[in-house]
Amino acid sequence: MNFIRKFMGKSSTEELSSVPKGKLYLTRAPNSPKGSLECLYNDAFMCIRSTTRPFYYQLAVSKVYQEGEILTPNDNEFDDNEWNFIILQDLSFKFIEKKNGSMAISWIDINGDVGDSFEFVIDDDVNLNDVESFKISLYKCIYESKYHKPSTEIDETELKEFESFEEELTLEDNVTTYDDEDDDDDDDDDDDDEEWAETSQGIVGKKSKSLGAASQQTERPYGDDEESTVVFIEPATKEEPKEKVFSKKVDLYLYGEDGFGFTSEVTLEILSYVAWNYTVKLYNGSNVRFETFLSSAMSPIFEESKNAFVFNYNRASESGLQSSTWLVGFDKLATMKEFQNQFLKCYFEYTNKKKYPDTEELDSSYLADSLSGMTLDDDDEFFSTHSSSDDKESDEDDEDEEVVVRPARSAKKITVPANVEGGINSDLTVGFANDRSYVVNGNNLGVFKNGNDDLEFQSTIGGLKNRAGQQILPEALMLQRRDESLVFKDKNSQGLYRMDLNRGQIVEEWDVSNNDQALRHFTTNKKYDQLTNEQTFMGISKNEVFQMDPRLANIIVPTETRLKQSNFNHINTTKGGYFAVSDADGKIRLYDRIGLKRAKSLLPSLGDTIVAMDTSNDGRWLLATCSDYLLLVDLKVQAGSKNAGALGFEKPFSAASKPIPRRIMLKPEHSMAILNSGGQKSLNFTRAYFNTKVTDHAETDIITSTGNYVVQFNLKKILQGKVDSYVVKKLDEAVVSSNFQFGSNNAIFASEHNVAKMGKRKFERFERFEKASERKR
């Protein structure tokens, strides 16, 4: 449903830091026939801007016109007035002190020839303190894009890795060519060189005497014969690795949108560098050289049945951020297991910035389980007691038919008051009691009725302000009191507010500081408390869980549930009142009641920040959202173990009854297609939810979204090991939030400018990548 412009407004980006004056140059390799230096803007302004995507920022360099300067007709074109770059570590930013004493900022030109770079020479009049401030802001942007974590609370020492990295890296020094011993190539050899082609994934073509010239050729599809070759030119540090952690011969497959490449007898290595950095390197003696830093953006999967390791690789290209999918084939399971063990240790050290705890068997097996398949027997209680018509409907919807994903059709327009101003949609919450949905748009709240086939616009509560008359930007929405009240935080302050939805007015405003610690997150005491008249709820600060009672002068009621060294970031409750608290480092603590000094169970960290959590009705399943995968954890203590049948909320796990985690991910080739279509560096899942009812009801589906896609996973089939059991719906713009209509598996989702409701039958299976490739060939 399209809101009219008065409600939507335009998306805006905030300017975070700037260098007010300088000159922009394009510098080329010394042997370039185009010359070594070109001045693009003689008078320029550089700034860093936020974007609508979390953790991504933009570097903009604008041409400055002097008073009286005449604009040519071409100057009206945006591209002639401003250069824009996504801020990523791949661009290898460097701050340079030139011989004449001036300062400059340089970065790689990913769209130019090998060795080309941009250079912004800072004017001598610019204050050095401003330059230093810009430098720190730039490094923080790189930190957020790399780790998908806010940089607000990090120490500046954590930014040193980017400073060292930038000083060491140059693309020109890392271009690898493989030449024949005879340098006197004849005309036939030159013709062979022209068969090479550069694609968005790398350089592909037939065997050539010089791969260095490949980047200047035109685009061609992947070859599918044995002589097809793939070469990546990837920035890599000049610094020698500290240690070679792993090295074996493997087979290598590359999947691309136009086919696949295969190369045997490739050496696979894991290399260790300073600051807990590791790289995965693949090479042979003639035609393959590829190296990438180990990170969660790889979306790693180990396929034991195929003795294979599958991962994604992301790189910047002319059309934005491009992704490719790689499969490493091992000769036997034992070799794959050896690599898996080393990879998991390096992954843990990279994400946690500390030595792998070899003595903590729970941590190691927990991490290994999360990257492998999890299959429950058909006689498991989950299947024997919860089969229903919902399962049959879900099975019908998931028939193995080949369907191309198409964008969702535009919905009807909605009229809203002309005096309402807004921006883009940013949040969504779905009612349980009144069948309403609420969408945040700037400082406005859109109210929708969940109709039979679609959402029906009801009203707009606009221009939200606090008692001081300052604008409120709502976030973290929580419905209360049979959906008659809405509690939310303000992005701009530490204020917490309650709105009476019947009156459309903010009726309460609270100070929620707790011993100088800000309120991090809050939720209902029990999962379905919004269906009751309960007024109290729960909240967390950095290291404490507390009760919140609006009837008291001080809304926060301290408890004994606190940890000095914790960094809490999310809390979620079950139907029975148990609750889980996640830490910023990825640990999850389970409690059966508030006030306990120690958690009943502690789930180890996989190294990634937990964005949000949800729990099943019976408390057995914990669903955690991370930026590029979901984590499903079975909290039931397994049979034959101490405390068998109990939940981790009630009794602790022993080493013999460890919880079984399961990463829920898109298939790497599907991730690649999504990233390539949207120009994202990595997936960025919104909060995931189970479909639920108050009655005894088995959850059958999970919903989340990333980029322009809403995704529904089939829970039952995932637990049977069918990891690719999901359907998607592609929209024309980024999705900001998605959820289920209460009591059904109908999806309700908000994109940047639209809101819609859709049944599962309108979702489609993602087009199978391998079949699409066969048709193209």
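The model is predicted. The protein has 777 residues, of which 55% are buried, and its secondary structure comprises 12 helices and 47 strands.

**Overall make-up**

- Four strands form an open sheet in the order 36-37-38-39, and their pairing is antiparallel.
- Strand 36 (612-615) and strand 39 (660-664) are at the edges of this sheet; each has a single partner strand, so one side of each is left without a neighbour in the sheet.
- From one strand to the next, the twist averages 20°.
- Strand 38, which covers residues 630-634, pairs with strand 39 in the antiparallel sense over five bridges.
- Val-633 stands opposite Pro-661 in strand 39.
- In general, the strands of a sheet pair through backbone hydrogen bonds, in either a parallel or an antiparallel manner.

**Cysteines and disulfides**

- A disulfide is a covalent bond between the sulfur atoms of two cysteines.
- A search of the whole structure finds zero disulfides.
- Cys-626 has a relative accessible area of 1% and is therefore buried, as the cut-off for buried is under 20%.
- Cys-39, by contrast, has a relative accessibility of 37% and so counts as partly exposed, a class that lies between the buried limit of 20% and the exposed limit of 50%.

Note on methods: Residues are numbered from 1 along each chain as its sequence is written. This is a predicted model: local features need pLDDT of at least 70, side-chain atom pairs count only at pLDDT 80 or more; totals for chains, interfaces and linings use all residues. Side-chain values use heavy atoms; hydrogens and water are left out. Two strands pair if DSSP finds at least two bridges between them. Helices (H or I, at least four residues) and strands (E, at least two) are DSSP runs, numbered from the N terminus. Axes are lines fitted to C-alpha atoms, for helices over the stretch in contact, and angles run from 0 to 180 degrees between N-to-C directions. A disulfide is a pair of cysteine sulfur atoms within 2.5 Å. Buried means under 20% relative accessible area, exposed over 50%, partly exposed in between (1.4 Å probe, protein chains only).
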